[in-house]
Amino acid sequence: MTNARPIPANPVVAVAGATGAVGREFLQVLHDLDFPASEVRLLASARSAGTALRFEGCGQVPAGDYVVEEMTPASFEGVHIALFSAGSDVSKAMRQAVVDAGAVMIDNSSAFRMDDDVPLVVPEVNPQDALRHAGVIANPNCSTIQMVVALRPLYELARIRRVVVSTYQAASGAGAAAMAELFDQTRDFLQGTPSDELEVSAFQHRIAFNCIPHIDRFLDDGSTKEEWKMVAETKKIMGDPNMKVAATCVRVPVLRCHGESISVEFEGPVSVQQAREALKNARNVTLLDDTSANLYPMPGLLAGTNDTYVGRVRLDPTVDHGLQLWVVADQIRKGAALNAVQIAQLLLPE
Ligand SMILES: NC(=O)C1=CN([C@@H]2O[C@H](COP(=O)(O)OP(=O)(O)OC[C@H]3O[C@@H](n4cnc5c(N)ncnc54)[C@H](OP(=O)(O)O)[C@@H]3O)[C@@H](O)[C@H]2O)C=CC1
Ligand SMILES: N[C@@H](CC(=O)OP(=O)(O)O)C(=O)O
């Protein structure tokens, strides 16, 4: 199925989009997980070629300042794993070069996620799919990733019939410039700049002291592409095309972590206690759920963490077998760079 070369124990890794919000996090995660690379190549556009980025090192690669190279098709010669976060157009333009080089592309963009020959992988949910690739593995949408990590252990208690989710998405999902806009706008607003004079370019409206129910473009049915991605990607990752999903995606003035309010309807009974137990035992999930101590996950306090955090687990009394929960994860880590590097770990020889 694939012409990708076997991945050696110490692979050559390319980070495509290394200067971006996700790209920089790739470097941090490779270091934090001590990914066993023999070489790490930093690639970006001609704009930032020649600049140096600090990389703390991983595997056989020492810490140091590494020069960013301009990404061209030739950049992938000798590469085994190419971690992409430079946008859909760049992923599409470079796909053939990566595959021809015998490397595996792990792509953060939405370019190939729904293609039949491209596995869409969350290691806690469908790790087996990673091995069925044809040279490209897709990293899901950030909101989808944290939702399915929380749903998987619950699905094992009883089949999930329907999910209704509302997201509270951080600025980081729109990139480094959007995070800077949230920061600068908030400062300018507090310093008295009139609302209509605040600079608005990363989002459709002012994000400081506001919530925007609009992420990605609108579709003909009135939903957004972000909402559509949560529906379609969840079914593919969970391997259940009959699971019903309804999503509303909202941008909120938070820097890095997405929150999600989720209502789950099961085919059979699932108690709050069973759900809490399953979540407590699930890999890479932290249950923070003690209302008597005001304990629940909060996006402003979880930046830089790796787990998916769940709290506010309670019955949904409006359906026969329903639960409600609140889920938070760091969008740039678990929602992007960390999930992709965890996929790369699945490809390493045992
Ligand atoms: N799966 C997920 O959860 C997420 C996925 N993403 C995906 O990752 C992409 C990057 O996101 P993010 O890091 O937030 O964005 P940023 O805007 O912060 O960074 C963009 C990166 O892409 C590089 N780049 C842009 N154009 C080119 C080009 N023509 N050739 C080579 N490199 C290029 C930039 O390099 P330069 O410095 O030279 O401009 C920069 O390194 C998104 O477009 C999206 O597809 C993003 C967030 C979450
Ligand atoms: N759209 C997400 C980030 C993301 O995952 O985007 P995409 O699905 O295009 O990779 C956000 O803005 O928070």
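This is a predicted model: local features need pLDDT of at least 70, side-chain atom pairs count only at pLDDT 80 or more; totals for chains, interfaces and linings use all residues.

To see one pairing up close, look at strand E7, residues 104-107, and E8: they pair in the parallel sense over three bridges. Within that pairing, Asp-107 has Ala-138 of E8 as its bridge partner.

In an unreviewed UniProt entry, residues 12-133 carry the annotation "domain: Semialdehyde dehydrogenase NAD-binding". In the model, this span is 20% helix and 24% strand, and its end C-alpha atoms lie 19 Å apart.

Now for the other sheet. Six strands form this open sheet too, in the order E10-E9-E11-E14-E13-E12, but here the pairing is mixed. Strand E10 (244-251) and strand E12 (285-287) are the edge strands, each pairing on one side only. On average, neighbouring strands of this sheet are turned by 20° against each other, direction ignored.

Two helices pack on this sheet. Helix H5, residues 225-238, touches strand E9 (160-169) and E10, and its direction makes about 145° with that of E10. Helix H6, residues 272-281, touches E12, strand E13 (308-315) and E14, and its direction makes about 170° with that of E13.

What do the pairings look like from strand to strand? Strand E11 (residues 257-266) and strand E14 (residues 322-330) run antiparallel and are joined by nine bridges; in one of them, Glu-260 has Val-327 of E14 as its partner. E14 also runs antiparallel to E13, with five bridges between the two, and Gly-311 stands opposite Trp-326 in E14. A hairpin of six residues links E13 to E14. E12 and E13, by contrast, pair in the parallel sense over three bridges, with Leu-287 opposite Val-310 in E13. As a general point, side chains in a regular strand alternate between the two faces of the sheet.

Let's finish with helix H7, which meets two other helices. Helix H1 (residues 21-32) and helix H7 (residues 333-347) pack at an angle of about 50°, with their axes 9 Å apart. That angle is why H1 counts as oblique to H7, and their crossing is right-handed. From H1, the contact uses Val-22, Glu-25, Phe-26, Val-29 and Leu-30, while H7 brings Arg-333, Ala-336, Ala-337, Leu-338 and Val-341. By class, the residues of this contact are eight nonpolar, no polar and two charged.

Helix H3 (residues 142-155) also meets H7: their axes come within 8 Å and cross at roughly 85°. H3 is therefore roughly perpendicular to H7. Here Cys-142, Ile-145 and Gln-146 of H3 are in contact with Lys-334, Gly-335, Ala-336 and Asn-339 of H7. The residues in the contact of H3 with H7 divide into three nonpolar, three polar and one charged.

How values were computed:
Residues are numbered from 1 along each chain as its sequence is written. Chains are lettered from A and ligands numbered from 1 in the order in which they are written. Two strands pair if DSSP finds at least two bridges between them. Helices (H or I, at least four residues) and strands (E, at least two) are DSSP runs, numbered from the N terminus. Axes are lines fitted to C-alpha atoms, for helices over the stretch in contact, and angles run from 0 to 180 degrees between N-to-C directions. Two residues are in contact if their C-beta atoms, placed from the backbone, lie within 7 Å. Angles under 35 degrees count as roughly parallel, over 145 as roughly antiparallel, 65 to 115 as roughly perpendicular and the rest as oblique. A crossing is left-handed if the near helix is turned anticlockwise from the far one by less than a right angle, and right-handed if clockwise. Ala, Val, Leu, Ile, Met, Phe, Trp, Tyr, Cys and Pro count as nonpolar, Asp, Glu, Lys and Arg as charged, and the others, Gly among them, as polar. UniProt positions are given in the numbering used here, feature names are shortened, and annotations may be inferred rather than shown by experiment.
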